[in-house]
Structures are given as structure tokens and as C-alpha cells.
Amino acid sequence: MQDVLLSVWTRAGGEPVKMGGLFVSDREARFSYAPEYPDYGLSGLSLVYPPGLFRDSPIVHDRPGSLHPRFRSLIPPADEHNFQRKLMLAFLREKGIEPATPFEADLALLAHTGHGGIGHVDVFADDEAARKWYAIDDSGPLVPVGEQFGFSLKDMISWLDADARFILESLGPTPSVGGAIPKLLVAIPADGWDGRISLPNRSRRDDRLDVVLKIERSQTYPGLAALEAMALDLHRDAGFETPRYWHAEVGGLPALAIERFDRDGEGRPLPLESLFSILAAGARDIERPTDGSLDRIARVIDLADPLLIRDKKAARSHLFGRVLLALLSGNGDLHLENLSLLGAAPEAAFSPVYDPTPMRAWRMHDLLCAVPFGGYGEEEVEGDPLVQACFRFADSLGLHRKDVAGIAAHLLGVAADYPQRVRAVTSLPADNRARLVDIHRDMHRRLQALV
Ligand SMILES: Nc1ncnc2c1ncn2[C@@H]1O[C@H](COP(=O)(O)OP(=O)(O)OP(=O)(O)O)[C@@H](O)[C@H]1O
Ligand SMILES: [Mg+2]
């Protein structure tokens, strides 16, 4: 493989500036801050790589064929079914770029589509490409999503093998987000979904709103969009911050348009970094978002140098509450990519809730929790192992028994009408609804012991 040099920029401060350079060889990846970047007082590549601390030393990721976790989140994962990746690779093919290996494809994707996505880190092939990209401020016209390419998009999502040209002609390459469900970063009218989309905003516009448009793969997961909406409502009712969303339809498929929270009131990107990226930066044993344990997030919250989270008490209660509500609602998918910190150190905090879908409704996702916590299942314990794991997890977080009881009582109360909420999701097949209600009832009964 040839060595590759990529250029990393950000417009977190309003104006685009160069953050640094990423050098990738067949042995390692090295990121270095631009000499003047630490003086700008802007957020760095990662919360755990503050520019001031790494002013004179490169940040080395010494594993062949892989990149710093922070960059990986800008690349759609190498999975043959990944909609975004197929779309982007088709786009590159049209430009005459056909990478020889999956890793070279990662690098090509990063260079050509690793900007304007979630968060504040933008990657380009070189500085010239960055300047050109930032110079265009136009997000184009609003296009009715159904009429223009609805049918071809529906085809693509159903079969995942159609030519991406249709959508690319209509939209241009939209920036990418990670994950398995087909989704697009687009803008919609400021007063909500009306069936029209445009490219995302590059700067604030009063008449458009940036959203993540998640499209349901109805053949595999019928009812998923409505289920995600129901789960967002539940979390909102429990007092968690949740983004606004609109029920949408794309080419006859149900979809959700979810407002993006990684932009401030001025349209500037806010740093959004997953706990996977933060933990994997410092731990070699964390290679996937399901590795490690949720208890290890306590170390991130407790970190004093650099101080990332000033309001530690809020962070501890938030995390514990998220885990309890995931258990109560049958969301077994609370892995390290589904938890993120938003904002800059030392004021970073857990982001609003995203991806809270109760995936246990499907048998193949019926897992108590994607990442272990409180030593669950590690050794024999007296009493209900789940309850004991919750107590131990609370201990890792330094929560007192009275905090645990308070959080649990509140969430058990909010979730008391969960069976009705689930039954109201009529697009979800009856079997899946019944499974979810059973799971919830079992959890609700057992978690009473926390109060
Ligand atoms: N409303 C939002 N604002 C900003 N960023 C978001 C928002 N929703 C999601 N994201 C980002 O996009 C990423 C992917 O979104 P999400 O987790 O909802 O989908 P997914 O991972 O594809 O779903 P699944 O885990 O079911 O495959 C998230 O990890 C998060 O970084
Ligand atoms: Mg996710």
C-alpha cells in the first residue's frame, strides 16, 4: 500500500481552520496537530487528545490496517450490506476510484466523504479540497423525496444492490454516519417534514433544519421507525433530553426525520464523540463497541486530567438511568457507539438520546445488554444476578443506595404504562409486540428490588 496523507480541518470555531494531518502507512496511522492549532482554543481530534497536550507529539495508532477510532466513526463500516458504504463506493467508482482492499477503501472514503458528517472533525484529501468544500455554502433546492427518486431508493433499500446513481444524481454524495440502518444526513424545511429534502446546511439557515433521516427496512424490521419514535417519547417522558422528530416516508417506506443536536444555534458543529472512541483511544482491549464494560465509562467521568465532564453527578445518574431504562424498555443495544459525549472539555456531557430502539422485539437481537455491566454473569451471586449487577454497576459509578432507589423508582413509574405504549405501535407485528411486553414485565418485576 502507498503511504497516504490526509488533511484534517474543522469549522467548530465558525471559520474553517486546519486542525492537522493524518499520515497512514501500512504499519501505522499518525495524527499531528497543525503548529498553530492549539492556540485557537478549539476542540481537538478527541476529548482525550487535547491539542495543548499533543502540541509537539504525534498521536500514533500503531495497528496495521486500522485508524484511530475517531476517524473510524467517519467511515461507513465495511459490511457488504451497509447502505451508506455501497452508496459512497458507487460514488467513488463514478469518479474512477476503485480501491484494492477494504482498508484502502476506508481511506478513499475518508478522503472523499469524511467531511460535513456528525460532529466537528472534517477529513479531506488535501488542503485544496478542504478550501473548495468550505467555499460552497449552498445546500441546494428542497427536492420532493418521493417523486424524484423514491422508487429507486426503495429498491436500493429493499435489495441493497441497485445502482446508487439515481440517488447520487438527485442529492450528490451526502455525508455519512456509521451504523447499519440506511440513513441520510439531509436538511428539511424549518417547520418540519413535508416530504422534501435538501443537502445538509453548511451554515445556519432560518428556513431549514438538519436531520438524520433513518429509513426503515420494512422487510427485515417492520415497525422499526414507529418503535424508535415510541422509545424516544418514553425517554423524553422520563426526563432525558431527546431530539425532535417527524414521521416521514421515503419511497413508500416509513422513516423518521430526527433533528440533529451536533450543531449550535449558529449552525457551528459541536464535538460529538462516542464512548467507544473515547475508551478505545486508551485501551487496546476495546476494538468493537460491544467490548469492555459499561462500568469503565465511570473512569471517563472521573477523569481529572484532562477534565472532560465538570458535572460528574449528572453524568453518573444519566448513565445509570439510561441503563435501567434500556433494561425496562427491552433495548439490548446500548453499546459504546450508542452513548456519546457532546461539547468541549471540561463542559462535555452525555448527548441527547439517540438510537434507543427496543431491539429485543426481534429474537435475533434479544440480548439483555450489548455490553456487560456490574459483572453480570461473571460469577454466581446470591439473589437475582441482574439486580446484583445493577447494584455493582451503581457502585462503579459511585452512586449511593438512595440515589439508586430514587432513579429506579422514577423510571419504574414512567415505564409502568409501557405495555400500552408497545401495543400502540401497530406497525410492529403482534409477535414482536408480545415479546417486548413479556420482556418488559419480567424486567419491571425484578428491578423493583432496586427501590
Ligand atoms: N439526532 C442526532 N444528532 C446528531 N447525531 C446523531 C443523531 N442521531 C444519531 N446521531 C449520530 O449518528 C450515529 C448513527 O445513528 P444511530 O445510532 O441512530 O443509528 P444506527 O447506529 O444506524 O442504528 P443501529 O444501531 O440500529 O444500526 C450515532 O452513533 C450518532 O453519532
Ligand atoms: Mg447506533
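Predicted model: local features only at pLDDT ≥ 70, side-chain atom pairs only at ≥ 80, totals over all residues.
Local features require pLDDT of at least 70, side-chain atom pairs count only at pLDDT 80 or more, and totals for chains, interfaces and linings use all residues. Residues are numbered from 1 along each chain as its sequence is written, chains are lettered from A and ligands numbered from 1 in the order in which they are written, and side-chain values use heavy atoms, without hydrogens or water.

Two helix pairs were examined. Helices (H or I, at least four residues) and strands (E, at least two) are DSSP runs, numbered from the N terminus. Axes are lines fitted to C-alpha atoms, for helices over the stretch in contact, and angles run from 0 to 180 degrees between N-to-C directions. Helix α2 (residues 83-94) packs on helix α3 (residues 102-113) at an angle of about 80 degrees, with the axes 10 Å apart. Helix α2 is therefore roughly perpendicular to α3. Angles under 35 degrees count as roughly parallel, over 145 as roughly antiparallel, 65 to 115 as roughly perpendicular and the rest as oblique. Contact means heavy atoms within 4.5 Å. On the α2 side, the contact is made by Arg85, Met88, Leu89, Phe91 and Leu92. Helix α3 contributes Pro102, Ala105, Asp106, Ala108, Leu109, His112 and Thr113. By class, this contact of α2 with α3 holds eight nonpolar, two polar and two charged residues. Here Ala, Val, Leu, Ile, Met, Phe, Trp, Tyr, Cys and Pro count as nonpolar, Asp, Glu, Lys and Arg as charged, and the others, Gly among them, as polar.

The axes of helix α10 (residues 312-329) and helix α14 (residues 430-447) come within 7 Å and cross at roughly 130 degrees. This makes α10 oblique to α14. Leu324, Leu327, Leu328 and Ser329 of α10 meet Leu436, His440, Met443, His444 and Leu447 of α14. Six residues of the contact of α10 with α14 are nonpolar, three are polar and none is charged.

The structure holds 13 aromatic pairs. Rings of Phe, Tyr and Trp (its six-membered ring) pair if their centres lie within 6.5 Å; planes under 30 degrees apart count as stacked, over 60 as edge-to-face and the rest as tilted. Tyr33 and Tyr37 are stacked, at 5.8 Å centre to centre and 5 degrees between the planes. Tyr33 is buried at 6% relative accessibility, and Tyr37 is buried at 0%. Buried means under 20% relative accessible area, exposed over 50%, partly exposed in between (1.4 Å probe, protein chains only). Phe124 and Trp133 form a tilted pair, with centres 5.9 Å apart and planes at 55 degrees. Both Phe124 and Trp133 are buried. One aromatic cluster comprises Phe31, Tyr33, Tyr37, Tyr40 and Phe71.

A search of the whole structure finds zero disulfides. A disulfide is a pair of cysteine sulfur atoms within 2.5 Å. The sulfur of Cys369 is 9.5 Å from its closest cysteine sulfur, in Cys390, too far for a bond. Cys369 is buried at 15% relative accessibility, and Cys390 is buried at 1%.

Several loop residues were also examined. Ser293 lies between α8 (275-282) and α9 (297-302). Ser293 is buried, at 16%. Neighbours within four places in sequence aside, Ser293 is in contact with Val371 and Pro372. The Asp305 to Pro306 peptide bond is cis, with omega near 5 degrees. The Ala345 to Pro346 peptide bond is cis, with omega near 0 degrees.
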